[in-house]
Amino acid sequence: MKIINLIFLIAMGVFFQRLFAEDVRFLFIAPTAETPESAPIIKGLHDGAKEYLRTSKQGYSLQTVYAANNEECVDVLKRAYLEGFKNIAILPAQKPDSNLCSQIANLAKQNLNIILLGKFAESTDAKLLIKDDYTQLGKKLSEAVKPFENAVGLSTLVFKSTDYPYALDEKVSQDLLSNFKNCVQNDIVLYSLYEAQNKTHLQRLDNYVLLFLSPAPIANAKHFMPSRNRLFAICLGASPQTAVLLKKSQLDMCVSPDYYGYGYIAARELIYADIGKSAAQKEFLLPLKIYTKKNADEYKNEWGKFIQEDSSL
């Protein structure tokens, strides 16, 4: 009987500890509500928080707010401090300026844990920077187009857009192009317009590969013009629309930052930092995700509500 009573008391103690334990509060700062990259990051934050708080006595909450530039981000961080947030992940809308870096430094001194994500993850005072590892990208792309390298008259039509903030850096882009033959670069707004204006030219090409250096040129594309001479189509960067095109076999490959991984690892490292377990390194490089027809469903699921459902999918 005494043993049963002891077990009951221990169980009740655990129950009340869980009941009154303070939740871990996460804040995610994204550029805008229309930034689709945020969707898989938020999913990763939720999944990471659930996994790494699973055996603890704490629950969690996640709030998302928006900062379209450095000035707005500074204001959001000031409010976050006043509202008692301690664990913050930021997908910066642009390269952090001196004011934003100073604000991060000041909050770090107040024991706030701040993690920066992605292309613009730059700060000496952030708890961690989660960025992309491009070291294997050239090799992966070379392997993808190798079956076509001896095709007659092969050319590579390269498309970029200056309007996309998370496009590859110019140096990275130029290094990648060395893996392709006969590159013809085009700076366009929408590929659908390019196709309409250059239909005859595309039909006359012997064989060609499409290479989009960002998803912006195919933001409105539902399909590409049919062509027996289009051997392969690759998009560097991710969006809900590229997920749909991949599922439809309009794109053959999409190489994307691991946005879900950004969120998952950020949640883990913020939880660790909250208990005084600092990251072993200051910068965490995530391998890029490579999606093809085979894992298109995984890619599509990561974008959730941002994908317009299509009866043909």
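**Exercise 1. Find which residues line the largest cavity, and sort them by class.**

Step 1. In this predicted model, the largest cavity is lined by Ile29, Ala67, Asn69, Asn70, Cys73, Ile90, Leu91, Pro92, Ala93 and Leu100, where a cavity is, on a 1 Å grid over the protein atoms alone, a set of points where a 1.4 Å probe fits but cannot get out, and a lining residue has an atom within 4 Å of a point.

Step 2. The volume of this cavity is about 50 Å³, a volume being the space filled by probe spheres set on the points, which are joined across faces, edges and corners.

Step 3. Sorted by class, the lining holds 8 nonpolar and 2 polar residues and no charged ones; Ala, Val, Leu, Ile, Met, Phe, Trp, Tyr, Cys and Pro count as nonpolar, Asp, Glu, Lys and Arg as charged, and the others, Gly among them, as polar.

Residues are numbered from 1 along each chain as its sequence is written, and side-chain values use heavy atoms, with hydrogens and water left out. Since the model is predicted, local features need pLDDT of at least 70 and side-chain atom pairs count only at pLDDT 80 or more, whereas totals for chains, interfaces and linings use all residues.

**Exercise 2. Describe the largest pocket and the elements that supply its lining.**

Step 1. The largest pocket has a volume of about 370 Å³, and a pocket is an open set of points with protein on both sides within 12 Å along at least five of seven lines.

Step 2. Its lining has 26 residues, and Gly118, Lys119, Asp132, Tyr134 and Leu168 are those nearest the centre of the pocket.

Step 3. By class, this lining divides into 18 nonpolar, 3 polar and 5 charged residues.

Step 4. At least two lining residues come from each of β5 (128-133), α10 and β11 (283-287); helices (H or I, at least four residues) and strands (E, at least two) are DSSP runs, numbered from the N terminus.

**Exercise 3. Work out how helix α10 is placed, and why it counts as largely enclosed.**

Step 1. Helix α10 covers residues 259-274, and its 16 residues reach 23 Å from the first C-alpha to the last, close to the 22 Å expected at 1.5 Å a residue; the expected span is 1.5 Å times one less than the number of residues.

Step 2. Because 12 of the 16 residues are buried, α10 is largely enclosed by the rest of the structure, where buried means under 20% relative accessible area, exposed over 50%, and partly exposed in between, with a 1.4 Å probe and protein chains only.

Step 3. Arginine 268, found in α10, is buried with a relative accessible area of 18%, and this arginine 268 touches Tyr52 and Phe284, not counting residues up to four places away in sequence, contact meaning heavy atoms within 4.5 Å.

Step 4. Just after the helix, glycine 276 takes a positive phi of about 85°.

**Exercise 4. Identify the residues with the most contacts inside the largest nonpolar core.**

Step 1. A nonpolar core is a set of buried Ala, Val, Leu, Ile, Met, Phe, Trp, Tyr and Cys residues joined through side-chain atoms within 4.5 Å.

Step 2. The largest such core has 52 residues, and Leu117, Tyr191 and Phe224 have the most contacts inside it; its largest share, 7 residues, comes from α10.

Step 3. Tyrosine 191 touches Phe159, Leu202, Leu210, Phe212, Pro217, Ile218 and Phe224, not counting residues up to four places away in sequence.
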